[in-house]
Structure formats: structure tokens, C-alpha cells
Amino acid sequence: MKILVCISSVPDTTSRINFIDNETEFDRSGVQYVINPNDEFGLTRAIWLKEKESCEVHVICVGGIDTDPILRKALAIGADQAFRVDTKPMDANQVAKEISDLVKEKEYNLIIAGRESIDYNGGMVPGMIATLINANYVSNCVSLDVDQSNFKAIRETDGGKEEISGSLPLVIGSQKGLVEESDLIIPNMRGIMMSRKKPLTIIQAKFKTHQTKTVKYQKLPPKSEVKLVKPEKINDLIDLLHNEAKVI
Amino acid sequence: MAIIVYLETENGSFKKSALEVSSYGRKLADEKKTNLCGITFNSSDPFKIEKYGVEKLINIKTDHVFDAKIYADLLCKNFRDLGGTIFITGSSADSRFIFPIISILLDASYATNVVEFPSSISPLVLKRSVFTNKAFVFTELKNKHKIIGILNNSFGIFESERKLEVKDYISESLDSNVQVESIKEDGEKISIADAEIVVSGGRGLKGPENWNLVEDLAKTLGAATACSKPVSDMGWRPHSEHVGQTGKPVASNLYIAIGVSGAIQHLAGINASKCKVVINNDPEAPFFKAADYGVVGDAFDVVPKLIEGLKKFKSR
Ligand SMILES: Cc1cc2nc3c(=O)[nH]c(=O)nc-3n(C[C@H](O)[C@H](O)[C@H](O)COP(=O)(O)OP(=O)(O)OC[C@H]3O[C@@H](n4cnc5c(N)ncnc54)[C@H](O)[C@@H]3O)c2cc1C
């Protein structure tokens, strides 16, 4: 079996979010980049599958040369091969088309992409890939079992869960639950050494048209000061929520 | 040229988000001087949407269990038949499952997490929440077909009655590639996604045995219950209650956090909520910087008093 995990390089969750060039570009200075958390849950699940069954795990990132450290980290965690489509992605559609192109060529059986990236939060890439390659698709995937030709997955819905089963190829939108936080693999020295010898192939970008255009960013408006209520005057809080905020 | 809204139902009734999606669609149709049509599945009371400005409604009758691919195909077919150009939907887990598929099938530009009415109609520019509620971006949708996914509670519900025509669409039985079985486990609980009020507990509550505080408060308010990440990691509460950057997003009208410190990853996920209240015994807890109202005090003292006060308020 061949598994492809889509990796997005995103600002660390504690990053300050600023913009430059008249608010049209994200300010990368001083920002630490990490593997998108939802992708990392998926990557860990893929490595587990590899330990259980004989399969190969590849990773792909659509991004510039600055995303190479993230791919090396994925290799150190245990992926066998990495691909980088060399372009600055402008929207989800473009990313999905580039990835689908590699999937068609290499015939992966299982494609894992994070439920959403924590920077642009589009949540579209896995569903778009599934449709482009005509594969089955499970979003918000919190459990996955596969054998050589079939899968059984659990999707988290707004009010509960759903079990979805069918045949491969399959695309999932991965998230926590697929593995736990404590299961995430921290690369060891051997992994890091080996990652340097594993192939990282650069692919020329093919899809250069975009369906959306970023006009401008905007920071959150400054927040007004919190109104404090004394514990012994808790009815004042009820009054404020009813008359001022009008939420109860 | 019509604007089409996807109106989600639950057990045959329109969800609250469907009314909001209709209100948004009505305003956009007025600005564009075009018609507003809706598509829904198995509505048992379709005329309820008349008040919110829909002029024509396709009520798809199917006994198929929810299957994203089949629903996407049916929605696309009816969108085309209605001559749709703009498709508007909410942001439930099911919509987010279906619409990426539809965006490929229709070759449509797609924006999720939209928080406002378009800032420009032509070209169509939408304000979206990005960086997990730490910033906004204005995105232009360029293709002929466009999909707008709006965040719950971001626009509001407005009445604007039009004469409604309802058409049933009986879908032939379709072959599914997958078997879908729903696992009901949350019982009759209110889901975080649909809730107007969410009550959330953090590590400050000391242990799962104290969660009656959160549950009683939620019950008094008709709210959903949620928790911080460590609380679900330690198994005090199910993962489905974990909210924040790596958990479920919250966009409720009121969010009450009890014994939650307000770490940046927690705040990011709940920041889209309109009004935030924090109850914490540490006045330095970062949540006080993000909250609208706060009580510095011991949760075990404050919450029972709050429940008591609310019960009196409700029975007034
Ligand atoms: C990559 C990454 C992703 C993350 N994603 C998320 C996420 O999605 N969601 C999330 O929640 N966290 C997330 N976190 C974790 C986050 O950083 C915090 O560790 C977490 O939110 C803290 O949870 P807490 O507020 O319940 O606990 P604590 O930080 O321990 O806070 C407990 C609070 O309770 C108060 N308290 C104690 N006793 C009482 C009392 N008797 N009465 C009232 N108050 C009391 C304390 O003053 C304290 O402020 C993430 C972290 C990382 C690194």
C-alpha cells in the first residue's frame, strides 16, 4: 500500500499575526513554522500503519524552499520520501490540483490531509483532492482502519459520529482522535540523521491560475476592557448579560 | 442568474443556521436584483422559510442516509437547473464535508468562514476569519460560479417575506460507494456547532467529578458543554467537547469559561463568539484580556450562585 500525507507549513500556534506591504502579505519575520497540527495527527497514523502493514509513506508540500525544513521533519518522524511542488500557493484549489496530479501519477491508495490548516482555515483541500481523483472521502476523521483494499473510518459530526466504510482509494481529513496528542512522534537523533539521506524531490508547479484573490488582511480590532463583577454580586452579571449584551 | 441557498434540516425542520443563510441570501439577491432560491432535503415544513425571503424551494425527498458525494451530486444538479451563480451555505460539519466536493463539480470559487455581508458585490469580495480567529482577510471570488460559506451567528436572522413556491424533487435511488452508519452517542445534548450558548470547563475544575457545575449551568441556560484540551486529553471529558485551535471551533452568542486560563490556542478557537465571560480565581489569567465580562473568584463558590440566580431570572 502507498500512503501520501499532505503537509502544510504553518506559523506556530503562539505566533503573533502581523501583516506587511500595506496589509497584503503575512509578516514572516520572527515566526516559527511547524507542521500543521491536523496534518501531524495524520502523519503519525500513517507511520503506525507502516509499522503494522507493509506500506510506503510519502509526504508532499506545495510551497517554496522555506518549507523544506518541515518536510525534513516529516522524514525524520518516519516518512520514506518527500515531494515539494515549488510554488507559493495562492488558494486551496491550486494546492488540491497540484497534489492530485502526483496522486494520479503515483497511484496512492490512501491520501491523508489535515481537516484544515491553522493559518488559512479553508478546510477544503482533502475534499477537493477526493473529487479530483474520484476517490472516497471522509472528513473530520477520528478513527481509521485499512487493509489492502478496504477501509473503515469514523467521522465526527456536529452532534455525534458516523462510521463510513468502503473501498480504497480513500482521502481523509485528519484531526486529533486519529491518534492522541501523546502519540505524536518526536524525531530522535537516528531519525534526523536518516532524514538527510531520504529523497526530497522538487516538482515544477503546473497549475498557475487561481479561483480566488487575496485583497487585503485585517488585524482584529482592539478589544475593550473586561467588565469585572464581584462574586457576591453575581446577579449584576445576569443583569449585564440580559440588558447590555442581550445574550440571555 | 439566481442566488441559491442550501438550507439544512434536522429531523425535518430547518436548522437555525438555515434561517441565517436565507437572510444573507435575501439581502444579496436584493442588491443584485435577482431571485433567491433554496434547496433542502426532506423538509417537513417547507413554508417556514417563506418569512426569510426565499422565493422558490426545491425540497429533495430521499431516504438515503447522509452521504456527502450523493448529496453533493443532488445539490449540483438542482443548482444548475435553477440557473444558480452563487451558492450560499452555513458552516456545519456536513456543509464543510459537501461543499469542497461541489466546488470542484461546479468549478466554483469557494470561501469558508465568511463573517460579513460582502464588502463588494462586483467583484465579489468577502471578509473571512483566518489564522484561527486571529485576523481577517478580504478574498475576491473570481470564477463564474461562487460558493459562500458563512460562519454561524455572523450575520443574523432577518424577516423579509416573499411569495414562496415549493417543488418536491424525488431523487431516484442512487448507488453509493460507501456504507454510512450513524453512531448516536451524545444523546439529546445540544451540539457545540448549533448552540447559542456554550459553557466550557478547564483544568481549574480539578476533576471530572466536579463537572456537574458545568452541566447544571449549561442545563439552566439551554447551552452546550465544552472543555479545554488538557481536560479532554486527561479523559475527564470526551474529545468531542474539546474546543480551541486543535478542537472544535465555537461561534456562539455567549461563551462562559470556568477555570480555563485562556491560553492563546484556546482563545483562537472560541474568539468568534460574540460575548465571552470568564470565571477564574486568578486575576492574572490571560482570559480576562479576551473576555467581555469576568468574575475573579472560586468556581466552586461562584458557579452555584450563578445557577441559582439564573433559575430565579428564568422564572421571573
Ligand atoms: C499546538 C497546541 C495546540 C493546542 N490547542 C489547544 C486547543 O485547541 N484548545 C485548548 O483549550 N488548548 C489547546 N492547547 C493547550 C493550551 O496551550 C493550554 O495548555 C490549555 O488551553 C490550558 O487548559 P486549561 O485552561 O484548562 O488549564 P490551565 O492552563 O491549567 O488553567 C486552569 C485555570 O483554572 C484556574 N483555576 C484553578 N482553580 C480554580 C478555581 N477553584 N476556580 C476558578 N478558577 C480556577 C486557574 O487560575 C487557571 O487559570 C494547545 C497547545 C498547543 C501547544
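A salt bridge here is a side-chain nitrogen of Lys or Arg within 4 Å of a carboxyl oxygen of Asp or Glu. In this predicted model, A:Asp68 and A:Arg84 form such a bridge, with N and O 2.6 Å apart. The pair links distant parts of the chain, 16 residues apart: A:Asp68 belongs to helix α2 (residues 68–77) of chain A and A:Arg84 to strand β7 (residues 81–86) of chain A. Helices (H or I, at least four residues) and strands (E, at least two) are DSSP runs, numbered from the N terminus. Over all chains, the whole structure has 31 salt bridges.

Residues are numbered from 1 along each chain as its sequence is written, chains are lettered from A and ligands numbered from 1 in the order in which they are written. Local features need pLDDT of at least 70 and side-chain atom pairs count only at pLDDT 80 or more, while totals for chains, interfaces and linings use all residues; side-chain values use heavy atoms, with hydrogens and water left out.

**The interface of chains A and B**

With contact meaning heavy atoms within 4.5 Å, 76 residues of chain A touch 85 residues of chain B. The two chains bury about 6,800 Å² between them, 59% of it on carbon and sulfur atoms; buried area is the accessible area (1.4 Å probe) that two parts lose on being put together, summed over both. A:Asp158, A:Lys176 and A:Gln211 supply 10% of the area that chain A buries against chain B, more than any other three residues.

Five salt bridges are counted between chain A and chain B. In one of them, A:Lys176 pairs with B:Asp233, the closest N and O atoms being 2.9 Å apart. Elements that give two or more residues to the side of chain A that touches chain B include α4 (125–133), β9 (136–146) and α6 (234–244) of chain A.

Two strands pair if DSSP finds at least two bridges between them. Six strands form an open sheet with parallel pairing, in the order β15(A)-β17(B)-β16(B)-β15(B)-β13(B)-β14(B). β15 of chain A and β14 (224–227) of chain B stand at the edges, each with a single partner strand, so one side of each has no neighbour in the sheet. Two bridges join β15(A) to β17 (residues 293–296) of chain B, and there A:Lys227 has B:Tyr293 as its bridge partner. Further along, β13 (residues 197–201) and β15 (residues 254–258) of chain B pair over five bridges, with B:Ile197 opposite B:Leu254.

**The ligand**

The ligand lies between chains A and B. It is surrounded by 28 residues, the closest being B:Ser228, B:Ser261, B:Gln265, B:His266 and B:Asn280; a residue is near a molecule if one of its heavy atoms lies within 4 Å of it. The table gives some distances to the ligand.

| Residue | Atom of the residue | Distance to an oxygen atom of the ligand |
|---|---|---|
| B:Arg203 | backbone N or O | 2.7 Å |
| B:Ser228 | polar side-chain atom | 2.5 Å |
| B:Gln265 | polar side-chain atom | 2.6 Å |

**Backbone details**

Most residues other than glycine have a negative phi, and most peptide bonds are trans. A cis peptide bond joins A:Leu168 and A:Pro169, with omega about 0°; A:Pro169 lies in the loop between β11 and β12 (170–174) of chain A. Another cis bond joins B:Ser122 and B:Pro123. A:Glu23, although not a glycine, has a positive phi of about 65°.

Conventions: A polar contact is a pair of N or O atoms within 3.5 Å; within protein, one must be able to donate a hydrogen and the other to accept it, and residues adjacent in sequence count only if both atoms are side-chain atoms.
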